[in-house]
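Let's take a walk through this structure together. Have a look at it first, and then we'll start with one particular loop.

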Amino acid sequence: MALHLTANKQSPTDQKSTLNTLQEKIIQTLGYLALAVSLLASTQTHAQPLFEPSSRPGGIAMVDVGAASSRLPVVRWNDKPIAVIEQSGRAVAIAGIALSVEPGEQSLSVIDNNGEQTSVLFEVAEHSYDEQRLTITNKRKVNPDPLDMVRIKEESKRLKIVKNSRADRLMASSFIWPVAGPVSSPFGLRRFYNDQPRNPHGGIDIAAPEGTPIKAAADGIILDAEEYFFNGNSVIIEHGLGLQTFYAHMSRIDVSTGERVEQGQIIGAVGETGRVTGAHLHWSVGLNATWIDPLLVIDSDQPPELP
């Protein structure tokens, strides 16, 4: 069952307790998951997901960090753990690059099996994104009132816990589009709401009629299924190694926190909850708690057409 945050009704002590309970539930869920995936791995072989390297803001850097051994090295970037996979006998770090990262040289911290720490450098290239201006009729969704801000701050803490949670093994081997329909807003847009600048668009918006079923883009486990002020009814799925997908503005949620889901399973329906201008699905892909361009993990540039 999903946990519910009611920031405007809880004391600070109760809010902290709720967040601690969420963190404990996620840790417990991922612990059970590690055992289940380990047992599964003894009888099945899964291919690695297709990552398309694109070392730019909003992209993915795939960095060779040395020879692979029985235990892969520990890699961190800006104090965040980075996924590492074995590829052709080499240990390869897969780092999601935030839209806010400045182009230029970056450094990974690598700790090998002997505990020795080294630095491995990689370059982030320049990349520009278009601008988008939207008019929101509900002014509270642009300039929230004080009570709304209390809720928003608590939801931000919750999302930080969820986004920084990760399973030790990959569950996904490929990704599919969660719904059919035209892309109404691509990834990375520099957004303005009622002419006020906001964070860049960290996902892809797909226009579809309200009630259209939403599919899980890949195998994984539900880390969060909750209603948020800006995002409306939302679901976050962990696919392993901190690779996550996020589904927002849903009219309904059909899954619960801790539930295992398979690629193509219905997890809810398209809606217009939260800060929206109409019915659509906002779909994001995250890696090391950073939103990246979803087109880098999927083999087609556009969703299927609506029937």
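Start by finding N288, which sits in the loop between β18 (280-287) and β19 (290-292). Strands here are DSSP runs of E with at least two residues, helices are runs of H or I with at least four, and both are numbered from the N terminus. Before going further, bear in mind that this is a predicted model, where local features need pLDDT of at least 70 and side-chain atom pairs count only at pLDDT 80 or more, while totals for chains, interfaces and linings use all residues. Residues are numbered from 1 along each chain as its sequence is written, and side-chain values use heavy atoms, leaving out hydrogens and water.

So what's going on with N288? Its phi is positive, about 45°, although N288 is not a glycine. Most residues other than glycine have a negative phi. N288 counts as buried because its relative accessibility is 9%; buried means under 20% relative accessible area, exposed over 50%, and partly exposed in between, using a 1.4 Å probe and protein chains only.

Now compare S88, in the loop between β3 (80-87) and β4 (90-96). S88 isn't a glycine either, and has a positive phi of about 55°. With 75% relative accessibility, though, S88 counts as exposed.

A cavity is a set of points on a 1 Å grid over the protein atoms alone where a 1.4 Å probe fits but cannot get out, and lining residues have an atom within 4 Å of a point. How much space lies in the largest cavity? About 70 Å³, where a volume is the space filled by probe spheres set on the points, with grid points joined across faces, edges and corners. Searching the whole structure turns up one cavity of 30 Å³ or more. Its lining has three nonpolar, four polar and three charged residues. Here Ala, Val, Leu, Ile, Met, Phe, Trp, Tyr, Cys and Pro count as nonpolar, Asp, Glu, Lys and Arg as charged, and the others, Gly among them, as polar.

Next, hop over to S70, in the loop between β1 (60-67) and β2 (74-77). S70 is exposed, with a relative accessible area of 84%. Its C-alpha atom is 9.2 Å from that of N113, 43 residues apart along the chain.

Finally, step back: the protein chain has two helices and 19 strands, and buried residues make up 49% of its 307 residues.

How values were computed:
1 Å grid on protein atoms, 1.4 Å probe; cavity = no way out; pocket = protein on both sides within 12 Å on 5 of 7 lines; lining within 4 Å.
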